[in-house]
Each structure stands twice: as C-alpha cells, then as structure tokens.
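Biologist: I'd like to learn how to read helix packing and sheets in a model. Please take me through one.

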Amino acid sequence: MRIRGFCFFNARSGELSPPGKHLLMRYACDHQGETVKNNELNERRLQATPRGIGVMCNFYAEKAENATVWDVEGNEYIDFAAGIAVLNTGHRHPKIIAAIEKQLHAFTHTAYQIIPYEGYVALAERINARVPVDGPAKTAFFSTGAEAVENAVKIARAYTGRPGLITFGGAFHGRTFMTMALTGKVSPYKLGFGPFPGSVYHAQYPNALHGVSSQEAIKSVERIFKADISPEQVAAIVLEPVQGEGGFNVAPADFMQALRALCDTHGILLIADEVQTGFARTGKLFSMENHCVKPDLITMAKSLAGGMPLSAVSGRAEVMDAPAPGGLGGTYAGNPLAIAAAHAVLDVIDEEDLCTRASHLGHHLVEVLNKAKGQCPYIADIRAQGSMVAVEFNDPQTGQPSPEFTRQVQARALQQGLILLSCGVYGNVIRFLYPLTIPEAQFREALDIISAALTH
C-alpha cells in the first residue's frame with residue numbers, strides 16, 4: 001500500500017503544512033486487521049439503497065485529507081470532484097476541524113428561530129459586507145442549495161407580488177419540485193417526477209459553441225414576454241453566472257448587462273445562483289464579482305461551510321425583508337456546527353488567498369488543456385473562470401457531442417488515481433473541481449494524468 005504525501009498549501013506564505021503523524025498512524029492501525037472490500041460494500045448498497053441514487057465510483061471512501069481520498073482497501077485518489085464543488089478548502093482543513101470541535105463542546109442545536117446564537121448573526125454580517133449587491137444587504141441561512149433557491153423564489157414573490165419565473169436551458173437549481181421546474185435539463189433530474197409548479201419559463205443561455213449569441217439569448221427572454229407571460233407578471237430571472245451541470249458555460253458581459261437592464265426596465269428581480277460558483281472558485285469570492293452587474297439576490301451553498309450542510313440567501317435589505325416574520329426558516333437552517341465551519345472557511349479563503357490561488361491553478365490547467373487540444377481532435381471548447389474550468393468533447397467526424405469519449409477520459413484518469421466529474425446537457429463535458437488548497441506537486445501530477453488521458 002502506497003500513501004501519497006499530502007499537506008495543506010498556504011498560498012500566501014508558500015508553506016506546506018503537514019497534518020502530522022497522527023493521521024498516518026491511525027490509518028496504518030485501522031488497516032492492520034481484516035478490511036472490508038469495495039465489491040462487498042457495493043453488493044450491500046444495491047440491496048439497501050434505491051437505484052435512483054446514482055453512484056459514480058465503485059469504491060468506498062474511508063479517509064480523506066486535503067485533495068487526497070483513500071478507499072476502504074487502501075487505494076488512494078486525487079480528488080478533482082471535491083464533493084461537487086463543496087471542498088474548495090479541501091478535505092478536513094485543520095482550521096475547519098478546530099472550529100467544529102470548539103462549537104461541538106458548546107452546543108449543537110437550538111433551532112435559530114427558537115433560541116438564536118451569535119455565530120449566525122456574525123456570519124450574516126460577514127457575508128453582508130462582501131456580497132456584491134447594491135446598498136445594505138441581509139442574509140438568511142438554510143441547509144441545502146435547493147432550499148436556498150426555493151427561499152429566494154419565496155422572497156422574490158413576496159417582494160414583487162408576482163408569480164412568474166424565468167430561468168435558462170442547461171440550468172441546474174436543485175431537486176425539489178420548484179427547483180426541478182427551474183432546472184433546464186430533463187435527464188436524469190426530471191424524469192418521471194412531473195407535473196412541476198407552473199409560471200416557470202426557460203430562455204436560452206448564451207453559448208457560442210452551440211450558436212447562441214448574447215443577443216439571441218436576450219431575444220429568447222423577450223419572446224417569453226410575448227408568448228408566455230407579460231413582464232409585469234415576472235417576479236425574477238434566475239441564472240447561474242457560470243452554469244454548473246450545464247457545462248461551465250460562462251455568461252458573457254454583454255449578456256449580463258442586457259439582462260440587468262431588462263430586469264430594471266420591468267421591475268424584475270435578478271437572482272444569481274452561486275451555489276456552485278461561490279467561495280473563491282472563480283477567482284473571486286462570488287462569481288458575480290467577475291461580471292459588470294449586481295444581482296438583487298444571491299443564493300449560495302456547497303463550499304460555504306467546507307463540507308457541512310449550510311446554504312444562504314443574501315440580497316438587498318428591502319427585498320430580503322419582504323416575507324413576514326415566520327415566513328423564512330427551517331429546523332436545521334443555520335446549524336451551529338455548520339455556521340462555525342463557515343466562519344473558518346472565510347478565514348481560510350482570506351488567510352491563504354484562495355481567490356488568487358484559484359486564478360493561478362486555473363491558468364495552468366487551461367494551459368495544459370490548450371496544449372492537449374493540438375493532439376486531441378475531440379476537444380471542441382475549453383471554458384474557464386478562475387478554477388471553474390471545463391473541457392467539452394465533440395466527435396471530430398460528425399461534430400456531435402461525444403459522451404462516449406468523455407467517459408473514456410474519465411476512465412483513463414481514474415485508472416491513474418484521478419477522480420473527474422462530467423456535466424453538460426449531453427454529458428460531453430468534464431469539469432475540474434479540485435480543492436483550491438491542493439499542493440503544487442500533487443496538482444502537477446494531476447495535470448500529467450489529465451494530459452495523458454486526453455492524448456493517449
């Protein structure tokens with residue numbers, strides 16, 4: 001059994017911080033006896049859990065540290081999935097562990113709406129000071145990304161008194177009924193689950209590779225105003241500034257400007273879904289900081305709390321105050337352990353300058369992908385905003401999307417110990433979601449694996 005060297009990288013100081021001998025000693029002790037096998041666990045999973053919970057990997061995690069995961073058989077992997085963009089600060093960052101442990105010794109739950117606590121208020125204050133909206137901001141905490149989007153819809157409808165919602169093809173906003181309605185991808189998220197809530201309409205998201213310009217995308221919104229719902233009945237337009245499941249499509253500046261102007265003209269709120277793009281992934285704390293406009297509401301989750309379940313809605317104070325007292329909340333919303341973790345996440349992002357590091361790592365990954373493009377005719381497009389990087393594959397003979405080649409690249413990488421995720425409406429895009437704390441040497445090793453997977 002080989003144990004890869006690992007550590008946390010402090011981008012500001014340039015120092016590597018090993019987690020200490022305790023993890024290696026504990027790991028070795030745990031593996032002295034009989035180990036459970038991946039295939040045995042897989043058989044148990046098939047018997048115990050429904051097929052609707054799709055599972056990508058055929059191995060089972062036992063331990064993880066920063067960008068490394070070990071399975072139950074002692075195999076190790078470089079994690080370029082990061083729990084689907086949840087671990088921008090890596091697995092088990094020491095500062096996050098310490099924050100959770102400290103809170104654990106105080107209290108674990110009161111329900112904030114029953115007995116509030118200072119950590120919740122302080123985190124709202126920190127986010128309000130940094131969220132890119134005009135004027136004073138307010139923040140409410142929830143548990144999941146879908147829950148944040150649901151509550152953003154509630155807030156928008158309460159503020160405007162309107163029912164309508166416009167979102168975009170290729171969007172992913174969650175798995176609840178409202179967020180499935182907002183989602184612009186049928187398989188696998190919507191199959192067999194309808195009917196969905198009404199007053200939801202889908203416009204085109206700009207995508208140069210697929211021939212959708214910013215102007216055409218805006219025209220598709222205007223067509224909705226003519227054919228489906230008047231703009232005076234639309235509460236909000238919801239979009240991801242960089243689409244996640246849709247393939248890491250980046251909204252162009254002219255599209256964002258036109259969309260903001262359209263919302264202002266008709267009194268429509270602009271909601272930015274930053275569940276996947278938030279917390280340093282794109283080179284800024286929020287992706288909207290890379291754009292030239294400000295939304296009215298922003299939803300966030302995933303890397304907000306470093307692996308703990310926490311989400312939030314932030315927005316202009318007057319908009320956030322629209323629901324009546326008791327209209328927002330949730331039993332576990334703003335759980336104290338998750339709140340403590342989120343404070344630590346913000347500290348780590350600032351202290352280790354992870355926004356700058358995201359741009360640094362993303363730049364080098366794009367260089368490798370561009371170099372591979374000369375030897376890999378399947379590469380149709382490379383898209384990036386900071387470390388939110390993706391590569392799209394089309395069949396060079398037909399020009400059609402190639403999910404088959406995408407799966408081949410994933411399989412080749414996994415054989416070499418690198419975990420990659422696919423996405424895109426056609427399943428022909430690979431996205432790269434490494435922890436931003438990944439050590440340089442391990443990152444370079446992963447880039448070599450990617451290059452080989454694309455060109456061999």
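Modeller: Gladly! Between two directions, an angle under 35 degrees is called roughly parallel, over 145 roughly antiparallel, 65 to 115 roughly perpendicular, and the rest oblique. Helices (H or I, at least four residues) and strands (E, at least two) are DSSP runs numbered from the N terminus. This is a predicted model, in which local features need pLDDT of at least 70 and side-chain atom pairs count only at pLDDT 80 or more, while totals for chains, interfaces and linings use all residues. Residues are numbered from 1 along each chain as its sequence is written, and side-chain values use heavy atoms, leaving out hydrogens and water.

Biologist: At what angle do the axes of H13 and H14 cross?

Modeller: Two packed helices are described by the angle and the distance between their axes. Axes are lines fitted to C-alpha atoms, for helices over the stretch in contact, with angles from 0 to 180 degrees between N-to-C directions. Here H13 (residues 403-415) and H14 (residues 440-455) cross at roughly 140°, and their axes come within 9 Å. H13 and H14 are therefore oblique to each other.

Biologist: Which residues of H13 and H14 meet?

Modeller: Contact means heavy atoms within 4.5 Å. From H13, Phe405, Val409, Arg412 and Ala413 meet Ile449, Ala453 and Leu454 of H14. By class, this contact of H13 with H14 has 6 nonpolar, no polar and 1 charged residues. Ala, Val, Leu, Ile, Met, Phe, Trp, Tyr, Cys and Pro count as nonpolar, Asp, Glu, Lys and Arg as charged, and the others, Gly among them, as polar.

Biologist: At what angle do H8 and H9 pack?

Modeller: H8 (residues 214-227) and H9 (residues 253-266) pack at about 25°, with their axes 9 Å apart. That makes H8 roughly parallel to H9. The crossing of H8 and H9 is right-handed. The residues of their contact divide into 8 nonpolar, 3 polar and 2 charged.

Biologist: Now the sheets. What is the strand order in the sheet of 7 strands?

Modeller: Strands of a sheet pair through backbone hydrogen bonds, either parallel or antiparallel. Two strands count as paired if DSSP finds at least two bridges between them. The order in this open sheet is S6-S12-S11-S10-S9-S7-S8, with mixed pairing. Its edge strands are S6 (137-142) and S8 (200-203), each pairing on one side only. Inside the sheet, S9 (residues 234-239) and S10 (residues 269-273) run parallel, joined by 4 bridges, and Ile237 stands opposite Leu270 in S10.

Biologist: Which strands stand at the edges of the sheet of 4 strands?

Modeller: That open sheet has the order S3-S4-S5-S15, again with mixed pairing. S3 (61-65) and S15 (418-419) stand at the edges with a single partner strand each, so one side of each is left without a neighbour in the sheet. S4 (residues 68-71) and S5 (residues 76-79) run antiparallel with 3 bridges; Thr68 has Ile78 in S5 as its bridge partner.

Biologist: Finally, is Gly374 buried or exposed?

Modeller: Buried means under 20% relative accessible area, exposed over 50%, and partly exposed in between (1.4 Å probe, protein chains only). Gly374 is exposed, at 73%. Gly374 sits in the loop between H12 (354-373) and S13 (379-385). Though 81 residues apart in sequence, Gly374 and Thr455 are 9.2 Å apart in space, C-alpha to C-alpha.

Methods:
A crossing is left-handed if the near helix is turned anticlockwise from the far one by less than a right angle, and right-handed if clockwise.
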